[in-house]
Number of protein chains: 2
Amino acid sequence: MNNFQYLSPTRVVFGKGSIAELATLMPEDARVLMTYGGGSIKRNGVYDQVKAALGGRDVIEFGGIEVNPVYETLMQAAGVCRTEGVDFLLPVGGGSVLDGTKFISVAACYDDDPWVFLAKRGIVMPRKAIPLGVVLTLPATGSETNPLAVISRKSIDEKRAFESELMYPRFAILDPETTFSLPRKQVRNGIVDVFVHVVEQYMTYPSDAPLQDRQAEAVWQTLIEIAETALSDPTNYEARANLMWCATIGLNRILACGVPQDWATHLIGHELTAFYGVAHAESLAIVLPALWQRRREQKAEKLIQYGRRVWGIDTADRDGAIDQAIGRTVEFFNSLGMPTSMAAYDIDPEDAAAKVQARFEERGFALGEHKDIDGREAAAILRMCG
Amino acid sequence: MNNFQYLSPTRVVFGKGSIAELATLMPEDARVLMTYGGGSIKRNGVYDQVKAALGGRDVIEFGGIEVNPVYETLMQAAGVCRTEGVDFLLPVGGGSVLDGTKFISVAACYDDDPWVFLAKRGIVMPRKAIPLGVVLTLPATGSETNPLAVISRKSIDEKRAFESELMYPRFAILDPETTFSLPRKQVRNGIVDVFVHVVEQYMTYPSDAPLQDRQAEAVWQTLIEIAETALSDPTNYEARANLMWCATIGLNRILACGVPQDWATHLIGHELTAFYGVAHAESLAIVLPALWQRRREQKAEKLIQYGRRVWGIDTADRDGAIDQAIGRTVEFFNSLGMPTSMAAYDIDPEDAAAKVQARFEERGFALGEHKDIDGREAAAILRMCG
């Protein structure tokens, strides 16, 4: 097991009716900026529940945060924070609203261009942030209990991640009932996103971390068990509750403790979103099977363990076991209605390979658990995604 | 899944060499009370590592905290905190030192008798505490990342638990190498303690929490896999690292999210420790098999699931499956050299039954996931522990 630090200070408040807890969780005298996305919270009753729980608090609203939240919009919100003296942020929504608001929280406290936190990730770090608490309405990103945010910048077709301990939410309200009205496609995308988060923290090489391995497998086994019900029976509380908890555990980084991590699927996928606009989870489902095929030798032991424990694949044929592990995963994604190739989105693999290779080379990227996925290797993977 | 809150704000710093991190984790200008137990840390080098990392900080020491930490001793330490103006506590040791120091942290800030926090658990709560960070040297109790403490009071043969969010450690340093010099018996006891912590959070009745179930099973499977090596090869870093992480996950309460809990084995076991002085884990190993036998119908579904998933018990015979699940657990404990009956300690089951029944009735205890284990039922369980 590798040395590690683990921190997860967010207070999780989980269950039906938990939005009412805002009344006690929010500072009494806060000047609040409540952020949200396209306005679905006004149609499904979440907005009204939040407002009721906030009581007489001083609340400004900022709606319209995009899917793949956009730097330019978020900078406007940061300006509002400064002008209005906002001292608490309350994002109500899914991962995009949460990530975007994390960026607002540090952007509002920084005098220069905060894009530097993403462009120079880990080198230039935020030193101050407006505190935030979140109301989650879409189980997927795990943003509710982690210090990460992924932001897009339209003007340069960029999508980048960064992190800061200052961006841990103070609290996270997770009411599975808020997900009942989600479009099927968003639930499907959430399931795949969670699945691949676990992949990034597991599918590398053995590192004497048997508990973490089994905790990861536990998330997959649960997702596989509940996916069909979660999709086909939107008001099934138990299915939605379990999906929501899987999403949180999937990326609160407890699975990453002491193990090597990959994240190449995500970073290649981010470019597909940036260049072609495919949804985040869709980009992961495109890249993952090809990446596993291309990296099957480096990942062999973990692919075989995954196949055996999660899918019950029982064969002494090493190559066959790997093929089946990849095949069952593709079948699972497809069974949710999730495509696993670029053809479904009319993307040309050669075009994608060329664009991503150029960008990775420009940035000097060397990704994956062995730090050997450079532009050339990413291009090779993308050519297999047709 | 039941509604729940989950909070675990302790920063975990895990791995070999991590005691050196104290240099940055500890407040620079703190007036520190460093607490420890019988002095093993002076023999195994941990004391020297801690002192070196603390550098020139202002440190007072308080050694001699007992196994099953004793109120009377802890009250002396609380007095030292007041007299000396201590503003940070640094327990270095196992669960007893950690739990005892948690009690010191709130006792030092309370003007009346702090035993009330235990006698009136959940009713009279601490409002102020000296902050603490911990260096763990014995994997077992999970105290390093939870808000719980168990304290004994000699004068009245009492052993009681309480909790307060104020008692979450700010940080927890977990260096598996600090466990290399532990006596075999303490490692054995640690394994059983962790095993039973997971039991208390799982072995109840189904509650539509498949992820939590699997996370619990992951801890057992890992413990079973590593136990023999952890015992027989004391300097096997990987085995000790995995045991240490199992212990933390076993009771940082992530397994308890949204599920019913039992804790009757612990509360009956506490009385065996209070009356007869058997070690905590030994008391659990005595009570657990009898409690499972006595409660086999109420716990049938979870016992069968546990047997199937953890021990591979594959039979359609319901009673047989339950018997095997209990039997395999007893065999596992015994394989570690852990007795599972009172005979090993010359305790008379009738005497124990009478004493515990009287005390439970005096306190009006009604324990277990169905709140139906009263003094009479506890006595019936204890009579089966011979």
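1. Basis. This is a predicted model, in which local features need pLDDT of at least 70, side-chain atom pairs count only at pLDDT 80 or more, and totals for chains, interfaces and linings use all residues. Residues are numbered from 1 along each chain as its sequence is written, while chains are lettered from A and ligands numbered from 1 in the order in which they are written.

2. Chain contact. On chain B, 32 residues are in contact with 32 residues of chain A; contact means that the C-beta atoms of two residues, placed from the backbone, lie within 7 Å. Two or more residues each come from β1 (4-14), α8 (210-232) and α9 (237-250) of chain B. β1(B) gives the most to this side, with ten residues. Helices (H or I, at least four residues) and strands (E, at least two) are DSSP runs, numbered from the N terminus. By class, the side of chain B that touches chain A has 16 nonpolar, ten polar and six charged residues. Here Ala, Val, Leu, Ile, Met, Phe, Trp, Tyr, Cys and Pro count as nonpolar, Asp, Glu, Lys and Arg as charged, and the others, Gly among them, as polar.

3. Strand β1 of chain A. Strand β1 (residues 4-14) of chain A pairs with β1(B) in the antiparallel sense over seven bridges; strands pair if DSSP finds at least two bridges between them. A:Phe4 has B:Phe14 as its bridge partner, and A:Val13 stands opposite B:Gln5. Within chain A, β1(A) also pairs with strand β8 (residues 171-174), in the parallel sense and over four bridges. There the bridge partner of A:Val12 is A:Ala172.

4. Domains. Chain A is divided into domain 1 (11-178) and domain 2 (184-383), with bounds from an automatic or database domain assignment. Their centres, taken over C-alpha atoms, are separated by 26 Å. The contact takes 18 residues from domain 1 of chain A and 22 residues from domain 2 of chain A. The domain 1 side has six nonpolar, six polar and six charged residues.

5. Helix α12 of chain A. A:Gly312, with a positive phi near 65°, follows the helix.

6. Two residues with positive phi. A:Asn68, not a glycine, has a phi near 55° and lies in the loop between β3 (58-62) and α4 (71-84) of chain A. A:Asp346 has a positive phi of about 55°, in the loop between α13 and α14 (349-363) of chain A. Are these residues buried or exposed? A:Asn68 is buried, with 20 other C-beta atoms within 10 Å, whereas A:Asp346 counts as exposed, with 7. A residue is buried at 20 or more other C-beta atoms within 10 Å of its own, exposed at 12 or fewer, and partly exposed in between, with C-beta atoms placed from the backbone.

7. B:Leu98. This residue is in helix α5 (residues 95-107) of chain B. B:Leu98 counts as buried because 32 C-beta neighbours lie inside 10 Å. Leaving aside neighbours within four places in sequence, B:Leu98 is in contact with B:Pro91, B:Gly93, B:Val134, B:Ser143 and B:Glu144.
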